[in-house]
Amino acid sequence: MGYFVDNAVIMAAGLSSRLAPLSYEKPKALFEVRGEILIERQIHQLQEAGIREIVVVVGYKKEQFYYLKEKYDIILVENTEFLTCNNHSSIWAARNYLKNTYICSADNYFMENPFEREVEESYYAAVFSEGKTDEWCLQTDEEGQITGVTIGGQKQWYMMGHAFWSVDFSRKFMTILERVYGEEGTKNKLWEHIYMEHLPQLKMKIRRYPRNQIYEFDSLEDLKQFDETYRHYDM
């Protein structure tokens, strides 16, 4: 039995400091890539899949996102702690919307629409590294259940892209987050850190994608390789 997707949460609150000086002018989510605004492309794909309730969590230069509310009828939620906490604070800001929910990052570019109206189980998207990688690599059992996460590896599947949380997963994650939120040791953690520390309670499978289907732009060099219009920019 699967899950009927209720909504999506797109995290777009961060500073994108590794893309300075471009990010001094606008958040990375609002960069134009191959003729489309990054976050608008993702909103289109979600809506094409029938996902109508889309929550965008904003922080840095939040006012630049306001137009999305009227243009796409999305919900804007402010993360007031984006300067002092990692992305788990965006999950906290959107906690009242977590049900059967896609968890998305605004800086992902999907070549093909990965979203569906019905999903079988909680999962994290992954792509395969032929060589060495510093990404978060996944160990799985024969059923595709994630049994371990290590930072860095070789010839392994690693986290890249979106995740889907079932309502049960959302409830369990928030129970944990409510317990540790605000602690000094939590502030620098991604939500994935918290997930990794509680694998026995937070059951999630891997969803494998071809390497050329999901892109993430962490640096200007990533943008240059993907979109030639950025090739004249220097750091």
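How exposed is E36, as a relative accessible area? The value for E36 is 27%, so this residue is partly exposed. The model behind this value, and behind all that follows, is predicted.

## The chain as a whole

The secondary structure of the chain is made up of seven helices and 13 strands. The radius of gyration is 17 Å, close to the 18 Å that the globule rule gives for 235 residues, so the chain is as compact as a globular protein of that length. Along the principal axes, the C-alpha trace spans about 45 × 40 × 40 Å.

Of the 235 residues, 53% count as buried. The accessible surface comes to about 11600 Å². Carbon and sulfur atoms hold 45% of that surface. Now take the contacts between residues at least 6 apart in sequence. Of these, 73% join residues at least 24 apart.

## Salt bridges

The whole structure holds 12 salt bridges. One of them joins E36 to R41, with the closest N and O atoms 2.6 Å apart. E36 is partly exposed. R41, in contrast, is buried, with a relative accessible area of 14%.

A salt bridge also links the side chains of E40 and K71, at 3.0 Å from N to O. E40 lies in helix 2 (residues 38–48) and K71 lies in helix 3 (residues 67–72), so this pair ties together parts that are 31 residues apart in sequence. Buried means under 20% relative accessible area. E40 has 9%, so E40 counts as buried.

E184 pairs with K187 in a salt bridge, and here the closest N and O atoms are 3.4 Å apart. E184 is exposed, with a relative accessible area of 63%. K187 is partly exposed, at 28% relative accessibility.

## Helix 5

Helix 5 covers residues 167–180. How far apart are the C-alpha atoms at its ends? They are 20 Å apart. This agrees with the span that its 14 residues should have at 1.5 Å a residue, which is also 20 Å.

Which residues of helix 5 are buried? They are F169, S170, F173, M174, I176, L177 and V180. Seen down the helix axis, these buried residues fall within an arc of 165°, so they line one face of helix 5. They pack against helix 4 (88–93), strand 11 (146–165) and helix 6 (191–196).

The face turned away from the buried side carries the exposed residues R171 and E178. R171 also belongs to a network of salt bridges that links it with D168 and K172. After helix 5 comes G182, whose phi is positive, near 90°.

## A proline in a loop

P114 sits in the loop between strand 8 (108–110) and strand 9 (118–119). Is P114 buried or exposed? P114 counts as buried, at 7% relative accessibility.

What does P114 touch, leaving aside its neighbours within four places in sequence? P114 is in contact with Q45, Y123, H162 and Y209. S89 lies 25 residues from P114 along the chain, and the C-alpha atoms of the two are separated by 25 Å.

Notes:
Residues are numbered from 1 along each chain as its sequence is written. This is a predicted model: local features need pLDDT of at least 70, side-chain atom pairs count only at pLDDT 80 or more; totals for chains, interfaces and linings use all residues. Side-chain values use heavy atoms; hydrogens and water are left out. Helices (H or I, at least four residues) and strands (E, at least two) are DSSP runs, numbered from the N terminus. The expected span of a helix is 1.5 Å times one less than its number of residues. Buried means under 20% relative accessible area, exposed over 50%, partly exposed in between (1.4 Å probe, protein chains only). The arc is that of the directions from the helix axis to the C-beta atoms. Contact means heavy atoms within 4.5 Å. The radius of gyration is taken over C-alpha atoms; the globule rule is 2.2 Å times the number of residues to the power 0.38. Accessible areas come from the Shrake-Rupley method with a 1.4 Å probe; for residues, only the protein chains shown count as cover. A salt bridge is a side-chain nitrogen of Lys or Arg within 4 Å of a carboxyl oxygen of Asp or Glu.
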